[in-house]
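I opened this notebook to keep track of what I looked up in one structure. The entries below follow the order in which I went through it.

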Amino acid sequence: MDHHLLDTQSAADLLGISVRSIYRLSASGQLPQYRVGRQLRYDEAELRAVLKSRHARPTAV
């Protein structure tokens with residue numbers, strides 16, 4: 001299975017959040033990341049799973 005790795009800006013665009021939020025979520029362990037040299041990369045399939053789980057959460061009333 002091929003893994004399509006995204007750079008930080010592309011990951012932010014996919015999730016509809018800022019680059020700063022990507023870094024914050026990565027640092028807190030809420031977003032899976034991979035290091036390629038000194039750069040961070042994000043697996044597109046894993047990001048889509050995170051996005052799907054975020055939308056599936058029930059909202060508090």
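My notes take the helix, then the sheet, then the surface.

Entry one, the model. I am working from a predicted model, and I read every entry below with that in mind.

I looked up which residues of H2 (residues 19–27) are buried, and found Ser21, Ile22, Leu25 and Ser26. Seen down the axis of H2, these buried residues fall within an arc of 135 degrees, so they line one face of the helix. On the face turned away from the buried side I found the exposed residues Arg20, Arg24 and Ala27. I then asked what covers the buried residues of H2, and the cover includes helix H1 (8–15) and strand E3 (39–43). After H2 comes glycine 29, for which I noted a positive phi, near 85 degrees.

Entry three, the sheet. I traced three strands in an open, antiparallel sheet with the order E1-E3-E2, where E1 (5–6) and E2 are the edge strands, each pairing on one side only. Between E2 and E3 I noted three bridges in the antiparallel sense, and valine 36 stands opposite glutamine 39 in E3.

I located a nonpolar patch of about 240 Å², made by Leu5, Tyr34 and Val36. Tyrosine 34 lies in strand E2 (residues 34–36), and I recorded tyrosine 34 as partly exposed because its relative accessibility is 35%.

Key:
Residues are numbered from 1 along each chain as its sequence is written. This is a predicted model: local features need pLDDT of at least 70, side-chain atom pairs count only at pLDDT 80 or more; totals for chains, interfaces and linings use all residues. Side-chain values use heavy atoms; hydrogens and water are left out. Patches are made of residues with over 30% relative accessible area and no salt bridge: like charges are joined within 9 Å, nonpolar side chains (Val, Leu, Ile, Met, Phe, Trp, Tyr) within 5 Å. Accessible areas come from the Shrake-Rupley method with a 1.4 Å probe; for residues, only the protein chains shown count as cover. A salt bridge is a side-chain nitrogen of Lys or Arg within 4 Å of a carboxyl oxygen of Asp or Glu. Helices (H or I, at least four residues) and strands (E, at least two) are DSSP runs, numbered from the N terminus. Buried means under 20% relative accessible area, exposed over 50%, partly exposed in between (1.4 Å probe, protein chains only). The arc is that of the directions from the helix axis to the C-beta atoms. Contact means heavy atoms within 4.5 Å. Two strands pair if DSSP finds at least two bridges between them.
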